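Please look over the structure before reading on.

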Number of protein chains: 2
Amino acid sequence: MPLRMSTLFVRTLRDDPADAELPSHRLLVRAGYIRRAAPGIYSWLPLGYRVLRNIERVVRTEMDAIGAQEVHFPALLPREPYEASNRWTEYGDGIFRLKDRKDGDYLLGPTHEEMFTLLVKDLYSSYKDLPLSIYQIQTKYRDEARPRAGLLRGREFVMKDSYSFDVTDEAFLVSYQAHRDAYVRIFDRLGLRYVIVAAMSGAMGGSASEEFLAIADNGEDTYVRSPGGYAANVEAVRTPVPDPVPYDDAPAAHAEHTPDTPTIATLVDHLNEAFPRTDRPWRSADTLKNVLVVLRHPDGTTEPVAIGLPGDRDVDLKRLSAQVEPAEVEPFTDDDFTRHPDLAKGYIGPGVLGEKNTSGIRYLLDPRVVDGTRWVTGADVTGSHVIDLVAGRDFSGDGTIEAAEIRAGDPAPDGSGPLELARGIEMGHIFQLGRRFAEALSLQVLDENGRLVTVTMGSYGVGVSRAVAAIVENSHDEAGIIWPREVAPADVHLVVTGKDPVKDPEIFAESERITAELEACGVSVLLDDRVKVSPGVKFTDAELIGVPTIVVVGRGLTDGVVEVKDRRSGDRIQVSVANVVTHLVEVVGAAQQGDP
Amino acid sequence: MPLRMSTLFVRTLRDDPADAELPSHRLLVRAGYIRRAAPGIYSWLPLGYRVLRNIERVVRTEMDAIGAQEVHFPALLPREPYEASNRWTEYGDGIFRLKDRKDGDYLLGPTHEEMFTLLVKDLYSSYKDLPLSIYQIQTKYRDEARPRAGLLRGREFVMKDSYSFDVTDEAFLVSYQAHRDAYVRIFDRLGLRYVIVAAMSGAMGGSASEEFLAIADNGEDTYVRSPGGYAANVEAVRTPVPDPVPYDDAPAAHAEHTPDTPTIATLVDHLNEAFPRTDRPWRSADTLKNVLVVLRHPDGTTEPVAIGLPGDRDVDLKRLSAQVEPAEVEPFTDDDFTRHPDLAKGYIGPGVLGEKNTSGIRYLLDPRVVDGTRWVTGADVTGSHVIDLVAGRDFSGDGTIEAAEIRAGDPAPDGSGPLELARGIEMGHIFQLGRRFAEALSLQVLDENGRLVTVTMGSYGVGVSRAVAAIVENSHDEAGIIWPREVAPADVHLVVTGKDPVKDPEIFAESERITAELEACGVSVLLDDRVKVSPGVKFTDAELIGVPTIVVVGRGLTDGVVEVKDRRSGDRIQVSVANVVTHLVEVVGAAQQGDP
């Protein structure tokens with residue numbers, strides 16, 4: 001049956017919703033695909049739900065094709081398994097927790113590693129049962145601090161999550177590669193422009209992972225790539241560590257009076273004025289900036305941490321956060337300064353920082369601060385800095401941290417050239433989980449020699465509802481959405497330009513006939529059969545809604561033709577009424593051949 | 001692709017799970033369809049999820065066929081709409097409530113009247129937009145006091161809920177009838193034996209409704225039917241009210257000493273001994289029993305209530321509960337007696353009961369206690385009863401209540417003969433909601449005359465996950481499940497009786513060939529290709545899993561035949577290898593013709 005605009009539960013809007021900043025959010029609301037129910041929580045209207053289910057179908061088909069088996073877990077989950085993996089605590093405020101009438105603790109599942117692990121443990125016991133990949137397409141929950149951007153960062157959302165179970169690391173790599181290949185096919189079929197980048201493993205606790213990012217200027221994720229093919233999420237970039245510098249000739253460190261220089265800029269100006277170098281001017285990169293933050297651990301305890309990095313770079317909060325997960329980063333406040341009187345605000349240096357120094361504050365250094373490098377940094381006295389302070393000779397940290405911003409032109413860690421930065425939307429994530437969950441929940445099987453071995457796992461996610469928005473970010477213009485054919489809510493949008501069936505009987509009758517024939521051929525039609533709605537309004541709605549092929553049935557009928565327009569290219573052709581069904585079946589069918 | 005037992009994520013169990021009492025629960029767990037995740041919360045294994053999705057498909061097809069449009073709402077819902085309808089309070093302990101990180105109140109939706117009403121209000125404004133029927137197939141939550149019986153009464157479950165919106169009551173009846181017809185088709189296709197009965201409207205607040213009950217001895221619902229065609233859920237049965245009895249000749253009421261008669265049985269014995277009737281012995285039906293309970297209202301307040309009913313009947317807690325919803329019924333405790341010293345336990349009568357009498361306790365009478373009826377009842381003094389107490393002359397209540405048990409042989413309220421009782425599982429419920437939600441949430445549209453009118457609504461539910469269990473209750477035997485073809489996880493279960501492909505190459509090869517040909521014809525196959533598993537184990541598993549057609553490929557091959565067994569009838573026939581694919585396509589296809 002065709003969808004009929006005359007009865008379809010949809011209202012297109014001329015104006016952008018007030019809370020929508022991104023094109024995908026604006027267009028999906030304006031075109032009547034979704035409606036907001038609460039912050040980060042959306043209802044799907046009929047057109048939107050069709051697109052969502054089309055995406056689910058693509059994902060399901062490709063998962064089935066690699067032999068993954070579909071299961072379905074509850075969203076309401078008991079606390080115990082998450083307690084065993086420590087994620088009940090680690091998730092902090094990020095999940096929804098609730099109690100049942102018997103005061104039992106539950107959560108709304110943000111991801112299901114624990115449940116899958118337990119189910120496999122429940123059913124399987126031998127290496128002969130493996131490999132196994134199982135998946136679900138399911139509604140998930142996260143209590144985001146800042147739900148935003150419509151479907152891109154919601155609090156209730158649909159994900160495909162799958163998990164692989166293998167006895168050996170070698171076997172795992174086969175499962176991982178199968179998933180990776182399936183993801184390539186999925187994102188190709190969804191018509192997304194995307195990159196695959198190395199990623200941090202985050203709260204999953206794995207050893208390595210990759211992300212599939214839809215390329216989008218509005219994306220929340222920043223990634224880098226080099227001419228030589230290196231690609232990584234910015235959180236995952238490792239700074240190339242320079243070789244140590246000999247420092248036998250280095251002068252002794254000397255503290256100098258540097259009044260009114262609490263910032264790097266004022267310090268560099270003062271240095272060039274009061275202590276000019278002979279070889280070149282002082283630069284901000286010659287200074288060592290010490291940034292203080294507070295880590296809030298999942299158990300509620302807090303810990304101050306100092307980060308020492310070259311003065312020409314800022315701390316990248318997302319990179320820092322990724323390093324310290326599951327702890328959260330909070331600002332170091334005036335109250336914290338009060339608690340640490342040995343910290344001279346604006347003039348803090350390695351003299352007091354570090355677990356072994358007076359402040360006792362853990363001091364983590366940027367990887368560029370290698371032995372022998374010489375720095376100007378705070379002397380821990382207001383109005384004073386130390387010059388010629390040599391790392392490894394005069395100070396050292398309690399470790400290193402990847403917290404400094406990545407900049408375009410930075411060298412790729414693999415030597416493949418200078419990095420460029422771009423933004424994307426995380427659409428898929430494939431994790432090498434290793435044995436973290438299998439160990440926490442005792443998932444073991446007997447190997448060929450009758451010995452118990454711990455299973456190794458992978459975890460693989462696709463943002464299904466997020467894909468709806470990501471596709472729109474990738475594929476729209478000023479007039480509206482342009483759906484890739486595989487996910488479009490209909491194959492053809494047929495616009496009936498007549499006023500009503502009484503005044504324009506032929507136009508309405510021909511439209512109905514063409515629609516019926518198309519549907520009989522398996523081509524789905526969104527038929528704009530509204531009466532007393534002007535052709536202009538119908539055209540505008542068709543462009544906004546974004547079905548890939550628009551057919552206009554109107555006055556051309558007197559010449560025996562209808563117009564067929566390609567939504568993406570804007571190309572229009574006149575097709576004879578006699579041939580239009582055959583023509584459209586070809587247009588649609590050519591695109592559908594990839595679908596088994 | 002066929003399902004292969006060699007790799008399928010399933011383990012059949014020989015033993016019944018400890019917590020399972022009902023056949024459906026036992027068999028679904030033993031056959032590897034579901035696993036318990038928490039009380040009333042289940043995970044779906046691959047076979048189970050296939051059945052669930054088959055049921056969803058049937059429901060979706062039939063809803064689409066009546067022009068209902070599919071949407072999808074969140075499960076995590078804000079408090080405000082439920083506050084407006086008063087259900088945030090009315091649901092009491094029956095729903096899951098939670099808070100987000102900003103302390104906002106949310107619930108997990110048990111049903112979505114409010115959200116649908118608001119969405120229609122959001123999009124529509126004119127009578128021209130109506131009628132409208134919209135539906136969703138969605139996961140719902142109820143914090144059941146006693147989750148039990150596997151999928152039959154769960155806390156997380158899948159429902160189809162739909163809602164109709166009309167301007168007039170006449171138009172509503174058309175929408176209601178369309179849903180009713182669709183439900184008949186759905187439950188026919190699901191292969192359920194069911195009855196349609198009149199029902200209470202419950203918390204929905206409507207004026208009338210009907211239930212579709214799967215006939216099942218293990219069902220939680222009791223329903224009645226008469227030879228003349230009356231059928232109702234027992235909660236909905238109205239007691240025929242007898243005509244008033246003339247009481248001019250009745251003697252005056254007289255209190256008598258009746259020591260040690262705190263129960264109806266002891267009282268009747270004592271009456272027959274101490275005060276024998278001349279016409280016939282005293283019967284328990286001559287006594288008026290006064291039962292005290294406490295109602296707990298959703299706002300937390302409690303209220304004692306007395307129910308006066310003939311002494312030969314007990315209070316039916318489910319009927320009483322249905323009458324007092326959303327209040328909950330609690331026992332009247334010794335503490336309550338202490339608070340009401342004028343109540344003589346075992347000898348309570350209308351002398352103290354009633355809002356205008358000393359106890360002030362609301363006193364509700366069974367509809368049989370009409371004016372002029374004569375009763376023996378408590379004299380409110382321990383060891384005393386009143387005889388010849390005449391209703392309407394000597395006492396009256398504060399109203400009537402349908403709280404007495406219904407018994408086989410009771411007259412149908414419509415005069416269609418004596419009632420018989422049976423049990424069933426509520427599978428569908430169609431409600432005439434009226435304007436309750438539209439009024440609470442101000443859903444109005446302009447009518448033809450430009451006046452605002454409040455929309456009238458219907459609400460229609462199908463228990464989708466519950467249907468999985470109900471079908472099994474309806475359709476199983478000692479050996480296992482017998483799926484109706486429309487919902488079976490596969491069309492054909494093909495048992496390979498050989499040991500392994502090396503020892504029995506022909507059996508394995510022929511099995512694979514037949515499977516491939518069947519799949520090419522659109523017949524889905526569950527192929528038991530396990531090696532080193534005995535034919536006996538495979539047969540047992542096939543019976544347990546319950547695919548409607550079982551094909552055995554084994555030694556018959558030497559005679560050019562395989563065995564085809566009908567799971568339901570047990571009939572076996574030998575079919576030549578050359579014809580078996582054609583034969584099976586016919587067997588399966590004949591059953592599938594109903595499927596568009």
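How many residues of chain A are in contact with chain B, and how many of chain B with chain A? The contact involves 41 residues of chain A and 41 residues of chain B. The model is predicted.

- Several elements of chain A each give two or more residues to the side that touches chain B; the helices are helix 2 (46–65) and helix 5 (113–123).
- The strands of chain A that do so are strand 2 (34–38), strand 3 (41–44), strand 4 (69–70), strand 5 (76–78) and strand 8 (132–141).
- By class, this side of chain A holds 26 nonpolar, four polar and eleven charged residues.

**Domains of chain A**
- Chain A is assigned domain 1 (16–208 + 427–474), domain 2 (254–390) and domain 3 (490–592).
- Taken over C-alpha atoms, the centres of domain 1 and domain 2 of chain A are 40 Å apart.
- Six residues from domain 1 of chain A and six residues from domain 2 of chain A make up the contact between these domains.
- On the domain 1 side of that contact in chain A, two residues are nonpolar, three are polar and one is charged.

**Helix 13 of chain B**
- Helix 13 (residues 535–545) of chain B has Lys538(B), Asp541(B), Ala542(B), Glu543(B) and Ile545(B) buried.
- These buried residues pack against helix 2 (46–65) of chain B and also against strand 26 (480–481), strand 27 (492–496), strand 28 (525–528) and strand 29 (549–553) of chain B.

Conventions. Residues are numbered from 1 along each chain as its sequence is written. Chains are lettered from A and ligands numbered from 1 in the order in which they are written. This is a predicted model: local features need pLDDT of at least 70, side-chain atom pairs count only at pLDDT 80 or more; totals for chains, interfaces and linings use all residues. Domain bounds come from an automatic or database domain assignment. Two residues are in contact if their C-beta atoms, placed from the backbone, lie within 7 Å. Ala, Val, Leu, Ile, Met, Phe, Trp, Tyr, Cys and Pro count as nonpolar, Asp, Glu, Lys and Arg as charged, and the others, Gly among them, as polar. A residue is buried if 20 or more other C-beta atoms lie within 10 Å of its own, exposed if 12 or fewer, and partly exposed in between; C-beta atoms are placed from the backbone. Helices (H or I, at least four residues) and strands (E, at least two) are DSSP runs, numbered from the N terminus.
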